[in-house]
Amino acid sequence: MTAVPRLTITQDNQFWFDAVREGRLEIQQCSNCGTLRHPPGPACPACRSFEWKTVESSRRGTLHSWTIIHHPQDPAFEYPLAVGLIDLDEGIRIVADIAGVDHDTLEIGMELEVGFSEHAHGEILPQLRKPGGDA
Ligand SMILES: [Zn+2]
């Protein structure tokens, strides 16, 4: 039995989860000053505008940092579990698990891309992979 909580979908983040389910990674952008932001939120941290739109990410980036999780273990994941923080080419960062990469070869600055995978409760979420793989 997994202890992973279910997603909390709000009017501020629903667009993001809807896009991910359709295989797109969208980034919220302030309509007033153009600042990109993630995670999604109601107001721009730069100018406090509530007006926003989205831009679609290239899903390419470089590994900023990562960790290998051994404990505690949850049946929803396989261990050891690599979790990375990626600097997307657009300039924002997201956190996701890393799949299909030998943990011994992980290094800061390596190129990765964002794919998608199904998680504990059937939700689709980003997953970091080597470039050129299947989405
Ligand atoms: Zn702004």
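## About the model

Residue numbers start from 1 along each chain, in the order the sequence is written. Because the model is predicted, local features need pLDDT of at least 70 and side-chain atom pairs count only at pLDDT 80 or more, while totals for chains, interfaces and linings use all residues.

The protein chain is assigned domain 1 (7-56) and domain 2 (58-135), with bounds that come from an automatic or database domain assignment. Their C-alpha centres are 21 Å apart. Nine residues from domain 1 and twelve residues from domain 2 take part in the contact; two residues are in contact if their C-beta atoms, placed from the backbone, lie within 7 Å.

On the side of domain 1 that touches domain 2, α1 (14-21) and β2 (36-37) each supply at least two residues. Helices (H or I, at least four residues) and strands (E, at least two) are DSSP runs numbered from the N terminus. That side of domain 1 has five nonpolar, two polar and two charged residues. Here Ala, Val, Leu, Ile, Met, Phe, Trp, Tyr, Cys and Pro count as nonpolar, Asp, Glu, Lys and Arg as charged, and the others, Gly among them, as polar.

## Strand β4 and its partners

Strand β4 (residues 60-69) runs antiparallel to strand β7 (residues 111-118), joined by three bridges; strands pair if DSSP finds at least two bridges between them. In this pairing Gly61 sits opposite Leu112 of β7. β4 also pairs with strand β5 (residues 81-88), again in the antiparallel sense, over eight bridges.

Thr62 stands opposite Asp87 in β5, and its contacts beyond four places in sequence are Ile86, Asp87, Gly109, Met110, Glu111 and Leu112. Although 47 residues separate Thr62 and Gly109 along the chain, their C-alpha atoms are 5.0 Å apart. Thr62 counts as partly exposed because it has 14 C-beta neighbours inside 10 Å; buried takes 20 or more, exposed 12 or fewer, and partly exposed lies in between, with C-beta atoms placed from the backbone.

## The largest nonpolar core

Ten residues form the largest nonpolar core, among them Leu25, Trp66, Ile86, Leu112 and Val114. Such a core is a set of buried Ala, Val, Leu, Ile, Met, Phe, Trp, Tyr and Cys residues joined through C-beta atoms within 7 Å. β5, β6 (93-98) and β7 each give two or more residues to this core, and β6 gives the most, with three.

Val114 is in contact with Leu25, Arg59, Ile86, Ala96, Pro126 and Leu128, leaving aside neighbours within four places in sequence.
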